Amino acid sequence: MLVQGAIDPRLKAQGRTLNEFQIYLDLTRRALRSGEADLAVWPETASPLPASDPGVLPALRGLGVPLLLGAPGDVPGQARNSAYGVDGEVTGRQDKRVLVPFGERLPFSGVLGGSIPLS
C-alpha cells in the first residue's frame with residue numbers, strides 16, 4: 001500500500017509538526033479498513049520525528065502492518081534524512097548522508113535568514 005499525504009512543502013519549511021504525521025496515520029488506517037496489506041510505504045520526510053522516537057514508534061506499531069517510511073535520522077547532532085523499516089520495532093534504517101541544497105537544507109541559512117520567501 002502506498003500512502004501519500006500531499007503535504008505542502010512550504011508548510012514543512014516553516015516548521016515540522018506532528019499534524020503531518022497524524023495525516024499519514026489516518027490515511028493508512030483508512031486504507032487498511034478497505035483491505036489487508038503486506039507493507040505500507042510512506043514518502044520521504046513523512047514524519048517530523050525519527051521512527052525510533054518514543055512518541056512515534058507506538059503509533060506506528062499500532063497500525064499492525066510492516067512499514068517503510070522517511071523521517072529524520074536518529075543520530076544526535078547530525079542532520080540526516082533516513083528511511084526506516086518498522087515491523088513492531090525499527091528493523092532497519094538507511095541514512096542519506098548528503099542533503100540536497102535548497103530541497104532538504106538551506107545553504108547559508110545563517111546569512112540568508114528570512115530573506116527567502118516560503119510562499
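Trainee: Let's start with R29: with which residue does R29 form a salt bridge?

Mentor: In this predicted model, the partner of R29 is D26, and their closest N and O atoms are 3.5 Å apart. A salt bridge is counted when a side-chain nitrogen of Lys or Arg lies within 4 Å of a carboxyl oxygen of Asp or Glu, so this pair qualifies.

Trainee: Where do R29 and D26 lie?

Mentor: Both sit in helix α2, three residues apart, which is about one turn of the helix. R29 counts as partly exposed because its relative accessibility is 36%, and D26 counts as partly exposed at 35%.

Trainee: How many salt bridges does the structure hold?

Mentor: Four. One of them joins E44 to K96, with the closest N and O atoms 3.4 Å apart. E44 is in the loop between β1 and α3 while K96 is in strand β4 (residues 90-96), so this pair ties together parts 52 residues apart in sequence. E44 is partly exposed at 45% relative accessibility, and K96 is partly exposed with a relative accessible area of 30%.

Trainee: What about D95: which residue forms a salt bridge with D95?

Mentor: That is R93, and the closest N and O atoms are 2.7 Å apart. Here D95 counts as buried, at 12% relative accessibility, whereas R93 is partly exposed at 35%.

Trainee: Now the rings, please. What describes a pair of aromatic rings?

Mentor: The distance of the centres and the angle of the planes describe such a pair. This structure holds two aromatic pairs.

Trainee: Are F21 and W42 buried or exposed?

Mentor: Both are buried. Ring pairs also bring in Y24, linking F21, Y24 and W42 into a cluster.

Trainee: I would like to follow one more residue in that loop. Where does S47 lie, and is S47 buried or exposed?

Mentor: S47 is in the loop between β1 and α3, and S47 counts as buried because its relative accessibility is 0%. A polar atom of the S47 side chain lies 2.7 Å from the backbone oxygen of L49.

Trainee: Which residues does S47 touch, not counting residues up to four places away in sequence?

Mentor: They are R16, F21, V56, L69, G70, A71 and P72.

Technical notes
Residues numbered from 1 in each chain as written. Predicted model: local features only at pLDDT ≥ 70, side-chain atom pairs only at ≥ 80, totals over all residues. Heavy atoms only, no water. Phe/Tyr/Trp six-rings, centres within 6.5 Å; stacked < 30°, edge-to-face > 60°. Buried < 20%, exposed > 50% of the residue type's maximum accessible area, 1.4 Å probe, protein only. Helix = DSSP H or I, 4+ residues; strand = E, 2+ residues; numbered from the N terminus. Polar contact = N/O pair within 3.5 Å; in protein donor to acceptor, adjacent residues only side chain to side chain. Contact = heavy atoms within 4.5 Å.
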